[in-house]
Amino acid sequence: MRLVVPAALVATGAIVVTGSSGSAAELRPYRPAFSAHHAPHDAKPEFEPNSVLVKFKNKATASARRAAVAKLGATAKQPVTSSIVRLSGSLSAPELLKKAKADPSVELASLNYKRHTTAVPNDTYYPVVNGVGQASYLNTVRMPQAWDVSKSTGDQVIAVVDTGVDAGHPDLAGHLVAGYNVLAPATAPNDDNGHGTMTLGIIAASANNGAGVAGVGWSAKAMPVKVLDANGEGYDADVANGITWAADHGATVINLSLGGPGDDQVLHDAVKYAVAKGAVVVVAAGNDGSDAVQYPASYPEAIAVAATDATGRLTDFSSFGDWVDIAAPGWDIVSTGARSLTEPGYDPYWLCTGTSCSAPIVAGVAALVKNKWPTLTPAQVAARIESVARDAGPRGTDPYYGAGVLDAYAALGGTWAADFPGAPLSEAHDEPARARNLGDLPAGWSLSTGGTISTEGQVDWYFVRPAETRKIRITVSGTDYTADRPQNFAPVVTVYDKDLQRIGFAQNPYPTDWSTTAPLIATVDVTVNPGVSYIAVRNYNGSRVDRGYNFSVSQLGAGGTTTGAAYPVRDVVPGDLSGNAALASKPAVTFARPVDATTVDGSTVKLLNGKTLATIPATVSYDAATLKATITPAAQLVDNAPYKISVAGVHEADGSALAPVLTVFSTIDWYPSQLKTFDASGAYLAATLNWTLPEMTDFGQVVVRVAAGTKAPALDTGTLVYAGTASSVKATGLAQGTTYTFAAWIKDRDGRVGPASVTQLLGMKSGISTTSTLISYGGSVTIKGSTLRIDNLVYAGLPVNVYVRPKNSSKFTLLAALKTSSTGTLAVAHKPLVSSVYMLTFPGNADLMGTRTADITVQVAPTISATLSPSSIRLGQATAFSGYVAPAHAGQPVYLQQYGNKVWKSIASVKLSTSGKYAFGIKPAVRGQIAYRVFFPGDADHAPAYTVNKIVTIS
C-alpha cells in the first residue's frame, strides 16, 4: 500500500508532520501577544455621476417643484411630491448639486453616494498585525466581498479527511457534524497530530464571534474523518475508505490535504465514487517544489490546489504540473490548533504553511458556491471556480497556477478583478536563438554577470563562442535561501553544444540544513569546443524570485562531458513568455537539428488557446532547409489573449522522438473596438437596447448613456442607462414626444474605453378623438386617431392599436389593430354597450419611440320608452305612466318627476322589473296641464337618462 501524507510545509515550531518527500512540515503555535487593530482605509467616496438627491421645502407647491426640475434640466425619478427625489440630467453630479442647492424651493441636496456592504469579521486574528493575520491573504482571494454575497453554506457539509479534529475547540463549537475514525471505528476521530484541526478550522472556524479566527465558510458544517495517524501518515486503503464514508454520509465537499507520488486505482475509484455521489473533491497539490506528479491531486475529477503567498505569487514549495487546477494562499495561514498539542502559554491557534492550507480555502468557497447553486454538479462547481480565477504567472492556463488564483467573490457572482501581474512584455533571452552572448573565451578569461527569474518557468539562455577547446567552470548562485521567505532560488544549469545536445548539468534544489541562510550554488565543469555552446539557467522550483541570481564562467574547471536529453528547438517565435505579439503573427518553431519532415504537421505542431488549451484552427508548413515550421492561423489572433505553441510527436531525422515543447505568449493589448452591433427598439416611455461584443478576452463592461435630442452623449454627459456585462438592457423613465440618442462603449478590464457606438430613436406623438362623447344605448361612435413624428412627418403603415375598457374597469382590451394612412391617421367605429374609455398606442419600432394617448371617455345612456295613457282625465281620475329601460337594469330604481315652479321634482320611484319595465299611477289633485317624465339616475355602466316629457290634461 502506498503511504499518503499531509501536503503541508513547515516553518518553525514544535509540531512536526512528516512528508514523504523527505522535507519536514511544521506547524507553529500562534503567538498570544497578537493584538487586533484595524488598519485605516484610504477610500474615496463614489457617487452616481449625473444624479443628485433633493428634498424640497414643505411649502414648495407641486408646480414650483416641477418648475425647479425643469430649470435644472433634469428628470425626476420619483414624483416631485415625494420626500426625497432623485434628479438625473446631463450635467455632472457636482454641477447639478450646485444648481440644486441654489434653487429657492430646495431645502436639502446631496450627491447620490454609493455604499458598500462589508463583511470584515471581528475575530481576534483576522486583522493583520506585524505582517500576520487572516486579512492579508483572504483579501487576496476577495473573501470579504464574497461574504457580502453569501455567508451561508446552508445544508452543505464539508468533510475534512485528515488526522481528525479537536472537537472541543471553542472556535469549532456548533460547526461539527458526526464524523468517523477509519483507523479505529469504535472511537471518536480525535486529532493526535494537529493537522486535521488546522485544515478544518480554515474552513469552519466560527466567524464573527469576537475570538480566534474566521472560517472561510463563515457558518459552515464540517465532518471530521480521521484517516491519518499521529505522525500524519496513512495508507490508501484508509484514505479511500474515509472518502467513501464521507460521500455516503452526506458530504457535498471533501477536502484532502494529503498526497504523495504513485498512482493507485483504489484511491482514484474512491475519488470518482465521491464525485458521482455529488461531492466536490478538493486536494492539496503537494509540497515537493517540483513537477513530480502527486496523487490524488492529479486525478481529473479533483480540484488540485497550488499555494501562493498573500500577494498571489507561487511559493517555492508548491508542486506544479499540468494537473494543477487553481492556486490559493498557503503561506502563514492562521487556523485552529489542537489544544492538547499546543504548548503552554499559547492560544490554540497555529500558522499553517503549505498546499494543505490552500486546499481548504478553495473547499470552503466550493461549499458557498454549491449552496448558492445547489443543482450544480461537482464538475460545474469546479468550472465556475476556475473560469473566474485571476490569471497569474504565465498568461492563460499554466502548470503553476492552473486557471489562476482563486477569486471567491467572482465565483459567487461578483464583478471581475484585475489579473495578477504576469511576465514582462518580452524576455530578451528566452530561447537559444536569442541567447545572451558571453564572449569568445580567450585564454585566462572569466566573467561575472547576473539575471532574474521574473516569472514562473522562465529559462535564461546564454552562449559562449571559444576559438578553441576550453575547459570551463560555470557557477550559478542565488541570494540567501531561507525558509522564512515564500520564494527562493534553487539553481539548475544545463550546458549544450552547438547542436543543442546536452554536455553538462548541475542543480541544487534544496538546502541541506533548513536553519541556514546561505545561497544555493550549482557548479558544472564542462569542455566546450570551438564555435557556439549554450548555457540555460532556471529555477528548480516553480516560483519567480525578484532577488536575482549570480552567474560566473571561468577557466578553472577540470572540464568533462555529461550527456543527457538534447534541447529540441533553437527558436520559437513569438518568444516564450512574451506579451506583445502582433495580431497578425504567424508563430514559428525552428528545430535544433534536422527532423523527419513527415512528422511535422497540424497534429504535431499546434497553436493552442492559452486558457482552454483548445487547438486554434491553422495550417502548418515546414521548410527543411531552415528547419522551420510555420503556423498560419485561419483567422487573426485576438488582442490581449494568451496562446501556447505546442510541439509533440515530431521525430528527429534518426527516428528518435523529439522532446515536447510548450511555450506561451500573449498578443498586444489594444484599446477595445466598437460593439459589433448596437440596436434600439422603441416603446412607450422606454427603449430596449441590444448589442453584441467583438471577440475579446479582456472585456470589462459595456457602458450605455442616453441624451434627449439628436446629439449623442459623451462618457461624461447624458444619463447613465447601464454599466455591466449583459447583452441587453431596458431603458425606462423616458419621456413621450422626445427623440433620444444612445451611445455605448466597451471598457476593457484595465478601464480603457473604445469608440462609441450610436443609435437613435425618433420621438413620436399620437392623438385621439371621438365623434361624440355621449351616445344612446345601441348607437355607435367613431374613434379617430393620428400618429406622427414630433416634427409632423408622416409614416404610413405604422401599426397602431386602439384599446377600450368599460368605464368601471381598469383593464383595457384590444379593440382594433390598425395601420396609419398616408396622412398618418386612422379611424374605427364601435358600438359600446356601456360607458367606455378609449386610448391609442403606437408600440414603437427599431427607429421610433412608442406613444400612448390620454384616455377619452364616451358615455352610453340607456334608452327609456315612455307611454302616458290616457293623456286627458277628469279631476279625481288616474292615468298610468309606463315604459321600459334598455338595457334592462333589474332592481334599479327609476323616478317619476313632476314639473312645477320651474323645477323638476321626484315624486315617486319604482324598481325596474327583470325585463326593465316600470309603471307609475298618477292621480292629479288640481285641474290644468301637468308635465311628467321618468328619470334613470345612471350607474357605473351607464349615464343618467330621461324619458321624453309627457303632459297630462286634467279637467
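# Close-up views of a predicted model

**Figure 1. Contacts of Val664 in the predicted model.** Leaving aside residues up to four places away in sequence, Val664 touches Pro394, Arg395, Gly575, Asp576, Leu577, Ser578, Tyr643 and Lys644. The model shown here and in the other views is predicted. Val664 belongs to strand S35, residues 661-667. With a relative accessible area of 8%, Val664 is buried.

**Figure 2. Confidence along the chain.** The average pLDDT of the protein is 89, and 93% of the residues score at least 70. Over residues 1-43 the pLDDT stays under 50; the model has 139 contacts beyond four places in sequence for this stretch. Residues 114-118 also have a pLDDT below 50, and this stretch has five contacts in the model beyond near neighbours in sequence.

**Figure 3. The largest nonpolar core and Leu406.** The largest nonpolar core has 62 residues, and Met143, Val282 and Leu406 have the most contacts inside it. Helix H8 (residues 355-372) supplies the largest share of this core, ten residues. Another core lies apart from it and has 43 residues, including Val157, Val227, Ala240 and Ala251. In the largest core, Leu406 is one of the residues with the most contacts. Not counting residues up to four places away in sequence, Leu406 touches Thr140, Val141, Ile326, Ala327, Ala328, Ile361, Val362, Val365 and Ile385.

**Figure 4. The disulfide of Cys352 and Cys357.** One disulfide is found in a search of the whole structure. A disulfide is a covalent bond between the sulfur atoms of two cysteines. Here the pair is Cys352 and Cys357, with sulfur atoms 1.8 Å apart. The torsion about their S-S bond is about -80°, so the disulfide is left-handed. Cys352 and Cys357 are both buried.

**Figure 5. An open sheet of five strands.** The strand order is S19-S21-S26-S23-S24, and the pairing is mixed. Strands S19 (436-437) and S24 (502-507) are at the edges; each has a single partner strand, so one side of each has no neighbour in the sheet. Strand S21 (residues 459-464) and strand S26 (residues 533-539) run antiparallel and are joined by six bridges. Asp460 has Val537 in S26 as its bridge partner.

Figure 6. Eight bridges pair strand S56 (residues 893-900) with strand S57 (residues 903-911) in the antiparallel sense. Gly900 is opposite Val903 in S57. The two strands S56 and S57 make a hairpin with two residues between them, and Asn901 in the turn has a positive phi of about 55°. S56 also pairs with strand S59 (residues 928-936), in the antiparallel sense and over four bridges. In this pairing, Leu896 has Val934 in S59 as its bridge partner.

Figure 7. In helix H2 (residues 93-102), the buried residues include Ala93, Leu96, Leu97 and Ala100. Viewed down the axis of H2, its buried residues fall within an arc of 105°, so they line one face of the helix. An α-helix has 3.6 residues a turn, so residues three or four places apart point the same way. Lys98 and Ala102, on the other side of H2, are exposed.

**Figure 8. His268 in helix H7.** His268 is located in helix H7, residues 265-276. Its relative accessibility is 12%, so His268 counts as buried. Beyond residues up to four places away in sequence, His268 touches Tyr299, Pro300 and Glu301.

Figure 9. Most residues other than glycine have a negative phi, and most peptide bonds are trans. The peptide bond from Tyr295 to Pro296 is cis, with omega near 10°; Pro296 is in the loop between strand S14 (280-284) and strand S15 (303-308). The bond from Val573 to Pro574 is also cis, with omega near -5°, and Pro574 is in the loop between strand S28 (569-573) and strand S29 (578-581). Asn130 has a positive phi, near 55°. This residue, Asn130, is in the loop between strand S7 (106-114) and helix H3 (134-138), and counts as exposed at 77% relative accessibility. Phi of Asn792 is positive too, near 75°. Asn792 is in the loop between strand S45 (781-789) and strand S46 (799-806), and is partly exposed, with a relative accessible area of 45%.

Key:
Residues are numbered from 1 along each chain as its sequence is written. This is a predicted model: local features need pLDDT of at least 70, side-chain atom pairs count only at pLDDT 80 or more; totals for chains, interfaces and linings use all residues. Side-chain values use heavy atoms; hydrogens and water are left out. A nonpolar core is a set of buried Ala, Val, Leu, Ile, Met, Phe, Trp, Tyr and Cys residues joined through side-chain atoms within 4.5 Å. Buried means under 20% relative accessible area, exposed over 50%, partly exposed in between (1.4 Å probe, protein chains only). Contact means heavy atoms within 4.5 Å. Two strands pair if DSSP finds at least two bridges between them. A disulfide is a pair of cysteine sulfur atoms within 2.5 Å. The arc is that of the directions from the helix axis to the C-beta atoms. pLDDT is the predictor's confidence in each residue, from 0 to 100.
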